[in-house]
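Open the model in your viewer and keep the selection panel at hand. The tour goes from cavities to cores, then to charged pairs and a pocket.

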Amino acid sequence: MEQLAVRCSVIRGGTSKGLFFLASDLPADAAARDALLCAAMGSPDPRQIDGLGGAHPLTSKVAVVAPSAGPDTDVDYLFLQVWPDRAEVSDGQNCGNMLAGVGPFALEQGLLAPAGEVTPVRIRMRNTGDIAVAHVQTPGGRVRYDGSAHIDGVPGGHAPIPIDFLDVAGSSCGALLPTGNAVDKIDGIRVTCIDNGMPVVCIAAADLGITGAESPAELEADSELAARVESIRLAAGPLMKLGDVHAATTPKMSLLAPANHGGAVATRTFIPHRVHEAIGVFGAVSVATACLVPGSVAAEVSGLTGTSGDVELDIEHPTGHFTVSLDVQVSDGVVRVRRAGLLRTARLLMRGEVMVPAAGREALS
């Protein structure tokens, strides 16, 4: 049977990589869309050898972009996680790394016009309804990808894309501290449950009997540790108003240790079953915010209790650090996040058509 050609671009956004589609080029029916995306990525197959997926959750991602339906944003962005080893597509979370590629993609596709040397692109993240503003360099009316900005986990320099997040606290769980507490105890372990753009459970690595300096491979190979972390995650889901999270990608589990390289805190993050080679954008924002919550596990590990106002925190991860800019007000133990921002880069790797085999084509009939 003849294959189906679907327009797409491959873009590295931050420390992730994936396929970018215009919503108008995909089926409107979610089941048909997901079947097409699995076929395009080569799922289910741990190697994704018959598709464009990279055999890892960080390189098996999809961004679906459309002109905005509202007057306060330029484009809508839906993030979809395509799982390598199973025929499953999840829309249960945002992805701040892929978000970095949305502005360039929207400009390349003509969804909005460049506006001077730097074009602000207002993006509605459909997974949660929150708004982000990405500042994309557009000298001479064209997206610029080369530059001197460096982010850990990506080789070389690229054009900077500063991103501001507008009111993402509680975007998935309904509150910055979903349980109402700075600390809860689950399975005998003290944890902090937080949601500032990404639901995260913060745990002191030492409480799990590790240093927090282990490599992702070492942590993944520790089946007893992985089982214990997963047990805590499953118990945290209902407490965080996320319900049964057996099949969900959230909450993320961030194991914290004192910083080793001058940052605020060192992290090792289960996402949830693999260990991130770095840390997700919103995961870093949530951990950074947790460091400023009086009495939290993160504040105790970092020693930052009581910090308020405009702050920049370096969140260390296995391949470097992630700088998060926050404007936080702490009053009588109550934390209010007024702004969160960070720096990402992106690069257009390919644009053309992905060829979808019969399984994907049949999903459209």
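Which helices and which strand each supply at least two residues of the lining of the largest cavity? Select helix 2 (96-108), strand 12 (252-257) and helix 5 (281-290). Helices (H or I, at least four residues) and strands (E, at least two) are DSSP runs, numbered from the N terminus.

Before going further, note that this is a predicted model: local features need pLDDT of at least 70, side-chain atom pairs count only at pLDDT 80 or more, and totals for chains, interfaces and linings use all residues. Residues are numbered from 1 along each chain as its sequence is written, and side-chain values use heavy atoms, with hydrogens and water left out.

**Stop 1: the largest cavity**

Stay with helix 5, which gives the largest share of this lining, four residues. Now show Gln93, Met198, Lys252, His276 and Gly280; of the 24 lining residues, these lie nearest the centre. The space is about 230 Å³. By class the lining has 11 nonpolar, 11 polar and two charged residues. Ala, Val, Leu, Ile, Met, Phe, Trp, Tyr, Cys and Pro count as nonpolar, Asp, Glu, Lys and Arg as charged, and the others, Gly among them, as polar.

On a 1 Å grid over the protein atoms alone, a cavity is a set of points where a 1.4 Å probe fits but cannot get out; a pocket is an open set with protein on both sides within 12 Å along at least five of seven lines; lining residues have an atom within 4 Å of a point. Grid points are joined across faces, edges and corners, and a volume is the space filled by probe spheres set on the points.

**Stop 2: the second largest cavity**

The structure holds two cavities of 30 Å³ or more. Select its lining: Phe165, Asp167, Val168, Ala169, Asn196, Val337, Arg338, Arg339 and Ala340. Strand 16 gives the largest share, four residues.

**Stop 3: an arginine from that lining**

A salt bridge is a side-chain nitrogen of Lys or Arg within 4 Å of a carboxyl oxygen of Asp or Glu. Asp327 is buried, at 16% relative accessible area. Arg338 is partly exposed, at 40%. Buried means under 20% relative accessible area, exposed over 50%, partly exposed in between (1.4 Å probe, protein chains only).

**Stop 4: other charged pairs**

The count comes to 12 salt bridges. Go to Glu230 and Arg233, bridged at 2.8 Å between the closest N and O atoms. Both are buried. They sit three residues apart in helix 4 (residues 223-239), so about one helical turn separates them. Next, select Arg33 and Asp34, with closest N and O atoms 2.9 Å apart in their salt bridge. For a network of salt bridges, show Asp85, Arg86 and Glu88.

**Stop 5: the largest nonpolar core**

Of its 62 residues, Tyr77, Leu99, Ile163, Phe165, Ile315 and Leu326 touch the most other members. Such a core is a set of buried Ala, Val, Leu, Ile, Met, Phe, Trp, Tyr and Cys residues joined through side-chain atoms within 4.5 Å. Apart from it lies another core, of 22 residues, among them Val191 and Leu208.

**Last stop: the largest pocket**

Select Thr15, Ser16, Leu58, Gly153 and Val154, which lie nearest its centre among 15 lining residues. The pocket holds about 240 Å³ of space.
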